[in-house]
Amino acid sequence: MKQTDISSRTESTFFKKHQERLYKSLEDKHTTVEEVDVDDPLNSKMILNMGPQHPATHGVLRLVLELKGESILKTKLDIGYLHRGVEKIAENKTYQEFMPYTDRMDYLSPYNNNVALCTAVEKIADVDVPERAHYIRMIGCELARISSHLLWLGTMVMDAGAVSFFIWTFKEREKIYDIMDQLTGHRFTVSHARIGGVVNDITPEAMSYIREFVETFPAQLKEYHKLLDRNRIFFDRNENVGVLTTEDALRLGAKGPVLRGSGYAMDIRKLEPYARYDQVEFDIPTRLEGDNLARYYVRMEEMHESIRILQQCLEKLPKGSVRADNAKKAYPSKDEVYYSMEGMIHDFMMTDTGICPPEGAQVYHAVESPKGELGYFIQSDGTGHPWRLKVSAPSLANLQILENILDGEMIADTVVVIGGIDPVMGEADK
Amino acid sequence: MGLESALGEGYLTTRVDTLVNWARSNAAWPMPMGLACCAIEMMAFAGPRYDVSRFGSEVFRFSPRQSDVMIVAGWCSYKMSHAIRRIWDQMPDPKWCIAMGACASTGGMHRCYGVVQGVDNFLPVDAYISGCPPRPDAVIHALMDIQKKIQTEHSVMLDT
Amino acid sequence: MEQTLSNALKTTLDELQTTFGEKVLQIHHPSGDTHVRVHPDALISIAEWLHEKGYIYISDVIGTDRYQSSDRFEVLYNLLSLRAKQRLFLVVWLPEEDPNVASVTSVWPAANWYEREVYDMFGIRFEGHPDLRRMYMPEDYAYYPLRKEFPLLGIPGSIELPGTTPESD
């Protein structure tokens with residue numbers, strides 16, 4: 001079939017113009033002038049739509065693949081199936097009211113998103129956070145990182161074929177959910193960090209849960225290593241699949257473990273440290289090969305490093321308050337709210353108007369989420385609502401890479417490569 | 001079946017109904033339309049602690065042609081709504097739908113231009129689960145409600 | 001917030017001002033970040049100059065609606081110099097009538113999807129972009145959601161919803 005006939009052969013019943021433009025851009029991608037025989041089906045190329053609902057696309061991701069036999073010639077991604085307009089919502093809410101929305105963006109590691117918003121607002125409004133709150137935030141962030149990497153591991157290995165692995169990693173995730181439940185009151189989309197600190201202190205019971213987890217988890221990690229590290233099937237599926245060279249990774253803007261698995265050691269925790277990461281020791285795992293196996297190793301080693309950071313945080317946890325004491329910038333503690341008039345008025349003002357950064361102030365602050373550099377850009381107009389809040393999502397950058405590394409792979413590798421890139425559509429689609 | 005024309009609703013069809021409904025309710029294979037954070041709780045609901053396979057929903061078939069219950073988990077954007085409707089149309093009768101979470105039921109906290117304010121704008125929903133995200137226990141409760149609903153249906157008399 | 005700039009960044013900013021003269025309109029440091037506002041015509045040459053100087057990594061392209069009568073739209077390029085470990089924001093202001101600016105995908109290919117997102121949300125066209133399509137909203141959509149005059153709940157009837165009866169097939 002001639003290249004230009006693709007659009008006429010698809011009969012879309014909704015969003016016609018959208019489908020037309022998408023297929024047209026697939027044809028236009030590294031344009032070749034080639035006419036293929038109409039009558040011989042074995043000689044023609046096939047357009048496969050790996051639609052938004054598919055067991056292996058993590059969330060709602062649509063890939064349009066042009067195949068020649070089993071190998072992929074070119075691919076285009078179609079995202080936006082989970083778009084909500086979170087940035088528009090942010091312009092109508094106070095900074096603290098926006099906190100639950102941040103949870104639901106990268107919903108695999110919600111704590112990191114909360115800390116990202118808090119640190120950005122604290123930078124624009126110049127709020128001092130007490131030491132204990134910094135360490136509690138670090139503990140939460142590292143637990144969320146382990147939780148996200150466990151889910152990545154479970155789904156990637158399940159997509160590669162080993163289904164029972166999913167159940168084992170979920171067993172460990174349930175333990176992290178128990179810790180979060182004790183610490184924050186919710187299993188999963190916690191909104192624990194507040195501007196100026198955190199909501200509440202770690203109770204002794206939560207502390208014992210965390211200690212138990214830190215002690216038993218390395219043994220579990222060793223079990224996973226024993227199963228996968230020398231597994232012939234796992235190697236065959238992942239070695240030299242989805243190779244991304246270092247120059248390409250930097251040129252195409254990869255973030256997080258995808259960039260580290262391609263040879264460049266960039267970690268926001270070391271580049272622009274926040275929340276006392278400059279006072280704990282940890283390494284940045286990096287691999288040079290750039291294939292899926294390298295990304296696997298990078299994330300496994302990151303889990304080891306997270307345990308190391310957690311152990312140091314538990315030793316170094318200082319005593320003190322967990323929130324800043326400034327009435328205009330942080331919520332008062334619940335004791336003050338219930339037992340004093342000023343506390344109640346401050347609570348009301350913080351809920352109603354919220355923290356007001358100076359007019360015309362702008363800030364960008366990034367944290368290292370498990371997926372990469374998660375950045376918040378805030379422009380303030382002097383009121384309690386941001387004028388513009390932009391979320392710089394690492395999954396969007398990594399999905400852009402996906403369009404480029406799938407060319408030349410087999411169709412069965414698509415699933416494993418998507419697993420290796422580990423996108424979260426909630427944050428890529430905002 | 002020619003039973004209902006010959007016998008009308010009576011003892012025999014009621015017994016057949018009970019048998020058919022018992023079989024259907026205890027093997028309600030879900031089709032997870034896992035869109036967002038509720039999908040993670042749905043994975044936990046299929047996971048080791050809140051094991052759903054003991055309720056008969058052993059396999060999560062991602063193919064609509066092989067499943068009975070569609071669990072819409074997460075907010076539904078306007079762009080995605082057409083895909084969801086198409087998948088719902090592909091499911092064979094009898095089928096049921098669970099709207100999991102606040103976002104699928106009414107749009108939830110996302111009151112803005114991109115989100116359909118409730119999946120029941122284009123799907124016939126049988127059970128709504130509130131929560132953001134609901135605990136897996138709540139999803140099991142909804143599944144048990146659907147099972148009760150199936151058990152009181154007149155399956156033999158349905159005109160399908 | 002007074003912040004001491006590192007030497008590398010100071011030399012870069014000085015050289016930028018001497019090389020490009022009056023095309024560099026404003027350099028300021030809100031909350032410790034460095035924003036360099038340039039004239040839209042000189043964007044590509046300044047981008048290539050910065051790329052030579054080590055700003056090889058682009059982190060994000062951000063669009064803003066300033067809602068002022070002159071120069072309504074603003075586009076920020078979030079650049080990172082990996083050698084000097086410095087972050088720099090390149091800013092252009094665009095008018096409300098037919099806002100367009102040259103695309104920097106020739107300098108940083110990573111800007112491809114980010115510019116598409118800015119086009120989708122604000123309607124700013126990027127000249128020379130290889131594939132300027134909408135990112136999140138479908139192509140059929142006629143509005144630009146993040147402009148300030150667009151209502152939060154959307155415009156009723158602007159996007160179709162499937163019906164409650166099955167389609168014919």
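Predicted model: local features only at pLDDT ≥ 70, side-chain atom pairs only at ≥ 80, totals over all residues.
Student: How do I read an aromatic pair?

Tutor: A pair of aromatic rings is described by the distance of the centres and the angle of the planes. Here rings of Phe, Tyr and Trp (its six-membered ring) pair if their centres lie within 6.5 Å; planes under 30 degrees apart count as stacked, over 60 as edge-to-face and the rest as tilted. By this rule there are 21 aromatic pairs over all chains. Take A:Tyr296 and A:Tyr297: their centres are 5.2 Å apart and their planes at 55°, so the pair is tilted. In chain C, C:Tyr141 and C:Tyr143 are edge-to-face, at 5.9 Å centre to centre and 75° between the planes.

Student: Is C:Tyr143 buried or partly exposed?

Tutor: Go by relative accessible area: buried means under 20%, exposed over 50%, partly exposed in between (1.4 Å probe, protein chains only). C:Tyr143 has 32%, so it counts as partly exposed, while C:Tyr141 is buried at 6%. A:Tyr296, at 1%, is buried, and A:Tyr297 is buried at 16%.

Student: Which charged residue lies over the face of A:Trp152?

Tutor: The rule wants NZ of Lys or CZ of Arg within 6 Å of the ring centre and within 35 degrees of the ring normal. A:Arg299 lies over A:Trp152, 5.0 Å from the ring centre. Likewise, A:Lys270 sits over the face of A:Phe282 at 4.2 Å.

Student: What about the interface of chain C and chain A?

Tutor: Start with contacts (heavy atoms within 4.5 Å): 52 residues of chain C touch 53 residues of chain A. Next comes buried area, the accessible area (1.4 Å probe) that two parts lose on being put together, summed over both. Chain C and chain A bury about 4500 Å² between them.

Student: How many salt bridges cross the interface of chain C and chain A?

Tutor: Counting a side-chain nitrogen of Lys or Arg within 4 Å of a carboxyl oxygen of Asp or Glu, you get 9. A:Glu272 also forms a salt bridge with C:Arg87, with the closest N and O atoms 3.1 Å apart.

Note on methods. Residues numbered from 1 in each chain as written. Chains lettered and ligands numbered in written order. Heavy atoms only, no water.
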